[in-house]
Amino acid sequence: MSESVGSGYGCLPIDRDSSFEEDWQFIIRIRNNNNDGSDKKKRRGGGSKKGKSKNKNRNRRLGHSILIKDYFSGANSTYDDKDFRRRFRMRRHLFDEIRRKAKVEARDPYFRQKVDCCGELGASSYQKVTAALRVLAYAASADQLDEYIRLGESTILETLERFCVAVIDEFGPTYLRRPTKEDLKLILKMSQKEGFIGCLGSLDVMKWEWKNCPMSWRGSFTNGKDQVPTIGLEAVVDSRYYFWHAFFGVPGSHNDINVIDQSDLFEELTRGAALEVHFVLNNKVYDMGYYLTDGIYPEWYVLMQSFKNPVDNKQQLFTELQEAKRKQVECAFGVLQARWRILALACKLWRKEAMDLVITCCIILHNMIVEDEWEEHEDAVKNNNYVFQEANGERFQVDKLYKDESTESFGSANIREMRRRYQDNARHHELKNDLIEHMWKRCLILITLTPMG
């Protein structure tokens, strides 16, 4: 699938199935070709020539030494682990994994420390990775970081772009993947603990303001509520605030229904390539997991909303529990924006695909931090005792693919049938009623087991 985006150099087709690096290289080639045209636009920089101011002696070696002394000298560092975690948003070993073990340096020679033509050492990977993280974490301007990191504005902007591409290529297949069988079991266990058997997470859309949106696009990217150009991010998160799905790029004038119609959330399910999820409620077997949403979404089998006007105590209880768990996606958006402040402020990037790179990189780094710090609590999740246990302690099963693995093709008739199944309104209400009864019985049991006084 491809789309066209504007960048100030015309309308460029961007292939969403190709790698991000190929997209960037394509845009750079088009930009360079346009710059070499008959208009002969004046290039920024241009090397040594008469009348140009001389380069600043930033003393990059001093900047590297100060950074190492402050954070990377072990026990002799000026700032301790707590300071490092707060300022870098991650622990030291994770930073080192991104910089060295993940082969950011090996993948892109740009991050290696090299000697320039004057025999002086250039910026180290510590300086460049730190600069990229500070821009993401604090929304710091490139010029602001020059005083401490000792890198020029253009160098920091190029570093940010290359860092985002490196993180996406190296960590994207691991930390922004479709849930595997083991992943689904963990998600379902956490949901079962909260009473929502068969729940695959919470679904919602966040808007990111685009300050430098092209004037000709503002009508498409502005809605009546925000009155500013925005781009939507559709996401699914679990109880840990871990992002399992992220779809970015829909203009802000579209509501959540338009976004889900364009996203690839149910693409694998439609093609029969998703794992089957079976669970039991009130002695009834259901064969599809569901997502918790707010009231704007349609009443599909795989989407579960609360009641706008509950009429009895059972519906009131279900509404309170559903809205409490659904708020996890809202909290995840808040944590993401607090951790990476560049997402909380109006974006000053000029290209839509550059925003896609930044927000995808931030989500991957967020997931890495969540997984790194969640390991301490993993055993507690695995050993938990759940209400309404069966013999194996679980009331769900993750099975084979919906599509027969021996059949390579999945025809249009099968696709229409799968869509009819997961959009079934009658099945939605049947599941909702069983969830209401399950929640009510669970609440009564918990009240009975709670000691008085």
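**Exercise 1. Is tryptophan 244 buried or exposed?**

Solution. Start with the term: buried means under 20% relative accessible area, exposed over 50%, and partly exposed in between, for a 1.4 Å probe and protein chains only. Tryptophan 244 has 8% relative accessibility, so this residue counts as buried.

Before going on, a word on the model. It is predicted, so local features need pLDDT of at least 70 and side-chain atom pairs count only at pLDDT 80 or more, while totals for chains, interfaces and linings use all residues. Residues are numbered from 1 along each chain as its sequence is written, and side-chain values use heavy atoms, with hydrogens and water left out.

**Exercise 2. Work out how the rings of phenylalanine 72 and phenylalanine 84 are arranged.**

Solution. Rings of Phe, Tyr and Trp (its six-membered ring) pair if their centres lie within 6.5 Å; planes under 30 degrees apart are stacked, over 60 edge-to-face, and the rest tilted. The structure holds 28 aromatic pairs. In this one, the centres are 5.7 Å apart and the planes stand at 85 degrees, so the pair is edge-to-face.

Helices here are DSSP runs (H or I, at least four residues), numbered from the N terminus. Phenylalanine 72 lies in the loop between helix 2 (60-71) and helix 3 (81-88), and phenylalanine 84 in helix 3, 12 residues apart. Both phenylalanine 72 and phenylalanine 84 are buried.

**Exercise 3. Classify the pair of tyrosine 242 and tryptophan 244.**

Solution. Take the distance: 4.6 Å centre to centre. Then take the angle: 40 degrees between the planes, which is tilted. Tyrosine 242 is buried too, at a relative accessible area of 1%.

**Exercise 4. How many disulfides does the structure hold?**

Solution. A disulfide is a pair of cysteine sulfur atoms within 2.5 Å. The count is 0. Cysteine 164 shows the test at work: its nearest cysteine sulfur, in cysteine 361, is 3.9 Å away. Cysteine 164 is buried, with a relative accessible area of 1%, whereas cysteine 331 is partly exposed at 35%.

Methods
Helices (H or I, at least four residues) and strands (E, at least two) are DSSP runs, numbered from the N terminus.
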